[in-house]
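Subject: Handover of a structure and the findings on it

Dear colleague,

Please find below the structure that I am handing over to you. The findings follow directly after it.

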Amino acid sequence: MREYCIRAATAADLDGARAVMLDTVYRDFETGYVPRWHADIIDPESFYLSPPRHTLLVAVDERDGAVVGTAALDARGPEHPPNPQWLAERYPSGETAQLRRVYVRPEHRRRGLARQLVAGLLDFARVDGGYRAVYLHTYPHSPGAMGLWQALGKVMCDEREDVPGGGSGVVHVEIPLN
């Protein structure tokens, strides 16, 4: 059985974290790197390590020290557009902890790492004390994503059903902070 360490990322972890994130957007999302969506992947330090209310957690395989999973939190709510206006109003920046980049390499999935990473992000948000909601969006075709998010939170909007024309096809989820 492999052992993993879940912890806040350091500058030394950023290359490994970036590799996990880029591999995911190419392999699982099939979008590749899109600058307007993925600038935080290229510069995780300024998005997640420097701002005091943001964080990046990593899952590290203790056998070889490799970063095998990531999860980030920031204080930016969903923007309108492309998201529905009512979502942007419900989850305003500054009051909303948005979960991002919860990714685990395929060979390390099904071991509870994503759930542990999310638990760490929720602890971070609680300690911060300034967040009133936890929000994320996910793609329903992302391996394992819908099962995890439905177990942890409540679907607030499934664009495939709730937005005329299917919107961008994402699913918006709120996770209880308590």
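The accessible surface of the chain comes to about 8,900 Å², and 51% of it belongs to carbon and sulfur atoms. Such areas come from the Shrake-Rupley method with a 1.4 Å probe, and for residues only the protein chains shown count as cover.

Please note that this is a predicted model, in which local features need pLDDT of at least 70 and side-chain atom pairs count only at pLDDT 80 or more, while totals for chains, interfaces and linings use all residues. Residues are numbered from 1 along each chain as its sequence is written, and side-chain values use heavy atoms, with hydrogens and water left out.

**The chain as a whole**

The radius of gyration of the chain is 15 Å, which agrees with the value near 16 Å that a compact globule of 178 residues would have. This radius is taken over C-alpha atoms, and the globule rule is 2.2 Å times the number of residues to the power 0.38. The C-alpha trace spans about 50 × 35 × 30 Å along its principal axes. Of the 178 residues, 46% are buried (buried means under 20% relative accessible area, exposed over 50% and partly exposed in between, with a 1.4 Å probe and protein chains only).

The secondary structure comes to 7 helices and 7 strands, and along the sequence the pattern reads β-α-α-α-β-β-α-β-α-β-α-β-α-β. Helices (H or I, at least four residues) and strands (E, at least two) are DSSP runs, numbered from the N terminus. Among contacts between residues at least 6 apart in sequence, 65% join residues at least 24 apart; a contact means heavy atoms within 4.5 Å.

Helix H1 (residues 14-27) and helix H2 (residues 35-42) pack at an angle of about 155°, and their axes are 9 Å apart. H1 is therefore roughly antiparallel to H2 (angles over 145 degrees count as roughly antiparallel). Axes are lines fitted to C-alpha atoms, for helices over the stretch in contact, and angles run from 0 to 180 degrees between N-to-C directions. On the H1 side, Arg18, Met21, Leu22 and Val25 meet His38, Ile41 and Ile42 of H2.

Most residues other than glycine have a negative phi, and most peptide bonds are trans.

Glutamate 30 has a positive phi, near 60°. Its place is the loop between H1 and H2, and glutamate 30 counts as exposed because its relative accessibility is 69%. Arginine 110 also has a positive phi, of about 70°, although it is not a glycine. Arginine 110 is found in the loop between strand E4 (96-104) and helix H5 (113-128), and at 84% relative accessibility it counts as exposed.

**Cysteine 5**

Cysteine 5 belongs to strand E1 (residues 4-8) and, at 24% relative accessibility, counts as partly exposed. Leaving aside residues up to four places away in sequence, cysteine 5 touches Val58, Ala59, Val60 and Glu62. Between cysteine 5 and valine 67 there are 62 residues of separation in sequence, and their C-alpha atoms are 9.5 Å apart in space.

Yours sincerely

Terms used: Angles under 35 degrees count as roughly parallel, over 145 as roughly antiparallel, 65 to 115 as roughly perpendicular and the rest as oblique.
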